[in-house]
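Hi,

Here is the structure I said I would pass on.

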Amino acid sequence: MEKPYGEANRDRPPASRRAIAERDKATPAQPEGAAGGDSPAEPPPAGPPAAPSGAAPVERLSGSSPAISLEDPPASAREHVTKPLLASEALMEDLAPMRPAQDAARVWCAVVGVSFLLFGGLSVAGLRPDGVVAGPPAFVLGIVTLFTALTSVSYRQRAVAMVVLGTIATVIGLQSSGPAVGWGAARAGAAIALPAALVFRSRYRAYTGARWLLVVAFLVALPSFGHAVAQLALLDPHLGQLGALMVILAVLSSLTGFMGSETTGAGSSLAVAVVLAFTADLVVGRLTQLSAFSPRDLVSVLSAGLAFAATSAITSLGLFQILAWRLAADARRIDLHRPDNDDNDKDGRDRRPPSGGEWLT
């Protein structure tokens, strides 16, 4: 018994039903007369051939469908790709930084600026040697130093300002040294030049010129070093020799700056030690000159020592940054792939890198 079309269609597999639907869609409808043979059937309209009955339907792109383009997507749609940091670039930044201690300079300027304001207040209160006369210069230096710390200026401009402000403060402080102004100037020069050269040597340890700068700094510190040695050798033992001994130890410890480029020579730590040693020499020397330890005299000596340490530190840091700004580009011309030794060792064996390899020092 023949089933109706709907029931028979339900017995067919899904693929057959899809093929029949595609065939019916592709076959044009005939007029009623053509079915009985009254007139020949009209030819089908021109167009693309129909898909085979067993083939899957192909969707046609309509005007609302997104067009397929082979062009690059817009810049906003492309993923932002960051350039990878090469090992040689990281090594170069470690061996020869372009702007070292940039943030530390602002911090030091702020600390020294507050210190100058404090020294000005002590001078107005009559607790410093020059009394009220030293108050206004200290206030001016403090305000200008704070302005340098808070203002957005270039690396070079802040370094020059630090050196100028530190030099002015040092000259003002030397006026109270009396007849020992020459030794005071030698002490200040050593406390500025030697720490700056030590820090520069530690940050640019592969740069040959850093060691020549250290030689110049030792020549600047030589008068103070000789004065300290003379105090230990020619005078009887007393309290003032303690400061001289600290200066000698600090200067001799700075000789580690002449070590190889594989080490920093503890330059940053030694720079702080040198400033503290010369500060201790100043404080101990003035304490030995006091006949009585009154509170006013103690405050005067201690404030003079703090002022010396602050001005020496800010001037030395500014000098280091000027050297870095001037010589960083030259220090970056070092050869990262050059071996430290010759290609052959003492035993005659070839120590050159394998084919395609590179040395990193």
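Gln 231 touches Gly 240, Gln 241, Ala 244 and Asp 281, leaving aside residues up to four places away in sequence; a contact here means heavy atoms within 4.5 Å. Gln 231 sits in helix H9 and is buried, with a relative accessible area of 18%. For burial, the cut-offs are under 20% relative accessible area for buried, over 50% for exposed and partly exposed in between, using a 1.4 Å probe and protein chains only. Val 229 is also in helix H9, but is partly exposed because its relative accessible area is 35%. Its C-alpha atom is 7.9 Å from that of Leu 245, 16 residues apart along the chain.

Before you go further, a word on what you are looking at. This is a predicted model, where local features need pLDDT of at least 70 and side-chain atom pairs count only at pLDDT 80 or more, while totals for chains, interfaces and linings use all residues. Residues are numbered from 1 along each chain as its sequence is written, and side-chain values use heavy atoms, with hydrogens and water left out.

On confidence: pLDDT is the predictor's confidence in each residue, from 0 to 100. The protein chain has a mean of 75, with 64% of its residues at 70 or more. Among its elements, H8 has the highest mean pLDDT (92), and helix H3 (residues 32–35) the lowest (46). Two stretches stay under 50: residues 51–70, with 3 contacts beyond four places in sequence, and residues 339–361, with 25 such contacts.

As for the fold, the chain has 12 helices and 0 strands. Those are DSSP runs numbered from the N terminus, with helices being H or I of at least four residues and strands E of at least two. Of the 361 residues, 32% are buried. Of the contacts with a separation of 6 or more, 70% are between residues 24 or more positions apart.

Then there is the cavity. A cavity is a set of points, on a 1 Å grid over the protein atoms alone, where a 1.4 Å probe fits but cannot get out, and lining residues have an atom within 4 Å of a point.

Which residues line the largest cavity? They are Trp 183, Arg 187, Ser 224, His 227, Ala 228, Val 247, Phe 278 and Asp 281. Helices H8 (181–203), H9 (208–234) and H11 (267–288) each supply at least two of the lining residues, and H9 gives the most, with 3. The lining divides into 4 nonpolar, 2 polar and 2 charged residues.

Last, helix H5. Its 23 residues (102–124) should span 33 Å at 1.5 Å a residue, and its end C-alpha atoms are 34 Å apart, which agrees; the expected span is 1.5 Å times one less than the number of residues. Its buried residues include Ala 105, Cys 109, Val 112 and Phe 116. The buried residues of H5 pack against helices H6 (135–150), H7 (155–174) and H12 (295–331). After H5 comes Gly 126, whose phi is positive, near 80°.

Cheers

Terms used:
1 Å grid on protein atoms, 1.4 Å probe; cavity = no way out; pocket = protein on both sides within 12 Å on 5 of 7 lines; lining within 4 Å. Nonpolar A, V, L, I, M, F, W, Y, C, P; charged D, E, K, R; others polar.
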